[in-house]
Every structure is written in structure tokens, then in C-alpha cells.
Amino acid sequence: MNLSTSESSDASETARTSSFVISFTAPGAGQWFVAQSKTRWHWKGPGQLGVEGSDVVLRGRRSRTLWTSAPQEIRFPAGDVIDVAVADRRVSFAVTQSKGAAEPVSLWASDAQAAAAIAAMLPQAQSEHYQEHKAFAQTLAGLNARVIVIPALIGINVAAFVAVTLGGANFFQPSGNALISWGSNFGPLTLGGQWWRLFTSMFLHFGILHILLNMWAFWNIGPLAERLFGSRRFLVLYVFAGLCGSEASLLWNPAVNSAGASGAIFGVLGGLLAFMLNPKTKIPASVSASQRNSALAFIAYNLINGVSHAGIDNACHIGGLIGGLAMGWLLSQPLDAAARQRSSPGLLTGICTGAIVLFGLSWPLTHMNPEKRAHMEFSRGFYFYSLRESVAVERAKNLQTLLSNHQISDQQWGQRTLAEVLPEWNLAAGTLAQMEVPSNSTYYRAKSVLADYLNHFQIAVRDAAVAMRDGDTNKEQVANEEFAESAVLQKQAINLLRANL
């Protein structure tokens with residue numbers, strides 16, 4: 001224990017003049033990732049806490065943005081110290097201000113013994129706010145509620161990300177098609193009967209940053225919610241909110257390709273907010289207020305961020321949030337352990353109610369008007385066409401590379417193009433022809449132009465391959481003309497696709 005005591009002629013003076021070596025930064029924190037005492041005094045690094053007569057003195061350095069830290073000494077009456085708490089080496093307390101506000105202070109002693117000595121030396125006055133939070137923490141601890149669902153869900157999300165990455169998807173930004181193949185919420189396929197995508201999409205993410213941010217947020221807000229609701233109710237809340245988010249995405253944009261745990265995480269936040277506001281839970285007012293304010297700030301920030309940045313599925317966030325609020329209110333229960341034992345039927349009620357709500361939300365998705373239905377049919381057909389097209393393009397690129405590197409001859413290129421590339425383009429055209437798009441739909445025009453483009457392009461590829469195989473200059477000229485015609489049609493098709501998809 002790093003304790004130094006000023007020399008004095010009597011014991012009482014010694015007791016009133018003491019100093020401790022402390023740190024305002026959490027031990028072991030890196031230079032750029034420090035956990036600092038969050039006060040307007042902006043403490044940083046090592047320092048001292050002293051008790052000099054009736055005053056408490058803090059000495060150390062003040063951090064300054066874009067500048068070196070500066071020496072700082074803060075002195076205040078010991079009687080202004082309230083809400084002293086100790087957790088291992090950490091000591092926290094508040095210093096009352098002239099207008100009634102309290103300035104929070106956190107510091108770390110050299111060891112747990114020194115922390116206990118510092119706490120014993122400071123006044124033990126407690127504010128009503130502190131007493132309520134302490135009583136809430138004690139009641140929550142008395143429930144003996146374990147956090148088991150959250151680690152399991154995080155593990156599933158991480159395992160899914162690893163599997164997708166090992167399957168060939170880009171680590172930082174996987175393609176939309178890569179996630180569709182693993183079960184993302186792609187509207188044309190989900191609405192085409194693959195309803196399981198509403199669930200599986202909750203465990204897929206668009207890259208490492210996406211999953212890290214989601215799991216970090218989940219780990220920060222989830223444990224309290226699971227302990228309050230209990231593991232079974234929490235799992236129902238999570239799944240229901242996630243499904244509400246998935247359905248909200250489709251209701252907003254039926255052609256969406258959505259993935260991520262964000263909807264479920266927003267639902268957990270909504271459920272936590274509902275638990276705090278529900279009078280039957282009997283949460284202390286100060287605890288409820290602080291949790292409510294934190295939740296509302298988080299929600300507002302993320303929704304505003306979603307509006308200002310493209311590619312963020314705010315419909316999923318809002319759907320999950322509303323679903324979590326509703327289910328959280330329904331599944332809320334008192335903190336009293338005995339009362340919880342008597343409230344078990346609420347879980348079955350929540351499951352049945354959730355199933356009815358999800359069925360109701362799916363009704364407009366399964367009963368679309370003809371124009372939306374045509375959109376879905378076209379989008380689904382175009383997706384399968386694009387898969388065939390990508391195979392054909394990849395094979396053509398490989399052959400072109402071999403030709404450029406003089407690994408195959410012109411004749412071999414022509415033969416292999418006819419045998420390996422042209423059949424894939426034929427299959428792509430066949431997939432497009434199978435689209436069931438009404439002739440009075442705006443998507444019918446896009447389909448027709450795309451089919452014309454494919455027809456000319458297939459002829460061009462075939463004639464170019466024959467020309468290379470046989471050394472036929474006339475075929476080469478015909479191929480060039482067909483390529484030029486297909487390029488014009490391709491541009492028209494792209495414009496129509498942009499207007500319709």
C-alpha cells in the first residue's frame with residue numbers, strides 16, 4: 001500500500017494529514033485507450049489524494065486537447081464528499097457543488113487495501129440517488145440471475161461470420177450475393193417463400209466492422225436486460241424484436257437485402273426502456289430516469305446516424321425498437337423473486353401475442369398489389385440471372401488471361417469459349433426467359449430489352465469464338481457488329497433497371 005503520512009507531534013494531527021499515491025487512469029490501460037476520471041477537471045495519469053485538516057486535496061495533471069497536460073490541484077471541504085464506493089482498487093465518489101450539482105470522481109489506488117483505506121478516510125454521507133441505485137443493485141444481485149443467453153448469441157454471430165468468411169466472402173465488406181447465399185433478408189427470395197431468412201439474417205453481418213459494433217453494443221446493454229427479464233423472457237424479446245426488424249425492412253423496401261443483429265439489439269434497448277417505465281416492475285425513480293435518458297440518447301444518435309448515412313437499414317432499427325418496447329412491456333416482471341415465480345404464465349402470453357403480431361405484419365407482404373408482385377418476380381428472376389452471368393463473366397476472364405499470357409492459342413480460346421462460356425450465357429438467358437412478369441407492367445419493358453441485349457451478345461460471343469477458332473475474318477466483322485448492337489441495348493437495359501429496381 002502506497003501510503004505516506006506527514007510527520008506530526010500527536011496522533012490526531014497524523015490522522016488528519018494523510019496522502020495516497022493514486023492514478024486517475026485505469027491500471028493497465030494503453031496510452032491511447034485510457035479510462036479517465038470523467039469530471040470537468042479532466043484528470044490524467046498518476047496523482048495524489050490528500051486529506052489536510054478538513055479539506056480533501058487532489059493533485060495531478062489535467063489533460064488538454066492537442067496540448068501537453070498541465071499540473072493541477074483541486075481542494076474542497078471533506079464535508080462536500082458524498083457517495084463513496086469501492087470496487088477492488090477503484091474508488092469513486094462525488095463532490096457537491098454550490099448549485100447542488102455533484103462532480104463525479106473516479107481514481108485507482110495501488111491495491112485493494114489502499115482503496116479501502118481511502119474510502120474509510122472520506123465521509124460516508126449518501127445521497128438519495130445513490131441509495132436508490134445501491135438498493136437496486138442489491139435487489140438485482142439477490143435474484144441470482146445468470147447471463148447465459150448473451151454469450152451464446154454472440155458466439156452464434158461470431159461463428160456465422162467466421163463461416164461466411166471461410167466460405168469466400170470478403171472479410172471487410174462481403175458482397176450482397178455472398179450474404180444472400182448464407183441467408184440474408186433478401187426481399188425477392190424471402191417473399192418468394194424463403195421466410196426463414198427473416199431469422200437467419202439476424203446472425204449475418206456486412207463485414208468485420210459491422211459485427212464488432214453490433215456485438216460491442218449488445219455486450220454493453222444486454223446483460224442488464226437479461227438479468228431483469230430472466231434468460232427465457234430475454235430470448236423471446238430478442239428473437240421477436242429481430243423478426244419485427246426484418247419484417248419492417250421488407251415493409252419499407254420489399255427489394256431490400258438486409259442483415260445484422262441491429263434490429264434485435266434495438267429491441268433489447270426498447271425492452272429495457274419498457275421495463276424501466278412499467279409501474280409493475282417498481283424500479284426506483286432515479287434508476288429509471290438514468291436508464292431512460294441513456295436509452296433515449298443512444299436511440300436518437302443511432303437513428304439520426306442512420307438517416308444521414310446511406311446503406312443503414314433504419315426501418316429494421318425502428319421495427320426492432322417498437323417490437324422490443326411492446327414485448328418488453330408485456331414481459332416485464334417485478335424484481336421480487338417470489339413475485340417472479342408467480343408470473344410465469346406471462347411468458348406463454350408473450351410468445352402467443354408475438355406470433356399473432358408477426359403474422360399480422362406479414363399479411364401485407366403476402367398480399368401485395370400486382371405492381372409490387374411484378375417487382376418481386378422481376379427482382380427474383382434478375383437475381384438468379386445475375387448468378388449465371390457472373391459465372392459466364394468469370395470464365396471469360398480466365399480464358400482471356402490465358403490467351404494474354406500465351407498459355408492457349410487463338411484456336412483453343414475459340415474452342416473453349418464455345419464449350420465453357422457460351423453455355424453459361426445460354427443458361428442466363430433461359431433464367432431471364434422464365435421470369436413471370438405481366439405484359440402491362442413497367443418491368444416487362446426492362447425484361448424485353450435485357451432479353452434483346454442477351455440475344456445479340458450471345459450471337460456476338462459465338463461468332464467471335466468461331467472467328468478465332470477458324471481464323472474467319474468475315475465472322476469477326478459480324479461479331480464486332482453484334483457487339484456494337486448489344487452495347488447499345490445494354491445501356492438501355494441498365495437505364496431501365498435503374499429506373500425500376
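Predicted model: local features only at pLDDT ≥ 70, side-chain atom pairs only at ≥ 80, totals over all residues.

At what angle do the axes of helix 4 and helix 8 cross?

**Helix pair.** I get roughly 170° for the crossing of helix 4 (residues 149-166) and helix 8 (residues 208-229), with the axes coming within 9 Å. Angles over 145 degrees count as roughly antiparallel, so I put helix 4 down as roughly antiparallel to helix 8. Helix 4 brings Val149, Ile150, Pro151, Leu153, Ile154, Asn157, Val158 and Phe161. From helix 8 I noted several, among them Ile211, Met215, Phe218, Trp219 and Glu226. By class, I have 13 nonpolar, two polar and one charged residues in this contact.

**Largest pocket.** Helix 8 turned up again here: it gives the most to the lining, with six residues. I also logged strand 10 (257-258), helix 10 (262-277), helix 11 (285-308) and helix 12 (314-331), each supplying at least two residues. The pocket holds about 870 Å³ of space. Its lining runs to 27 residues, and nearest the centre I find His210, Leu213, Asn214, Ser262 and Ile312.

**Cavities.** How many of 30 Å³ or more does a search of the whole structure find? I got one, and the largest cavity has about 50 Å³ of space. Its lining includes Ser201, Met202, Gly242, Ser258 and Cys316. Helix 9 (231-252) and helix 10 are the elements giving two or more residues to that lining. I count four nonpolar, six polar and no charged residues there.

Conventions: Residues numbered from 1 in each chain as written. Heavy atoms only, no water. Axes fitted to C-alpha atoms, helices over the stretch in contact; angles between N-to-C directions. Helix = DSSP H or I, 4+ residues; strand = E, 2+ residues; numbered from the N terminus. Parallel < 35°, antiparallel > 145°, perpendicular 65-115°, else oblique. Contact = heavy atoms within 4.5 Å. Nonpolar A, V, L, I, M, F, W, Y, C, P; charged D, E, K, R; others polar. 1 Å grid on protein atoms, 1.4 Å probe; cavity = no way out; pocket = protein on both sides within 12 Å on 5 of 7 lines; lining within 4 Å. Points joined across faces, edges and corners; volume = space filled by probe spheres on them.
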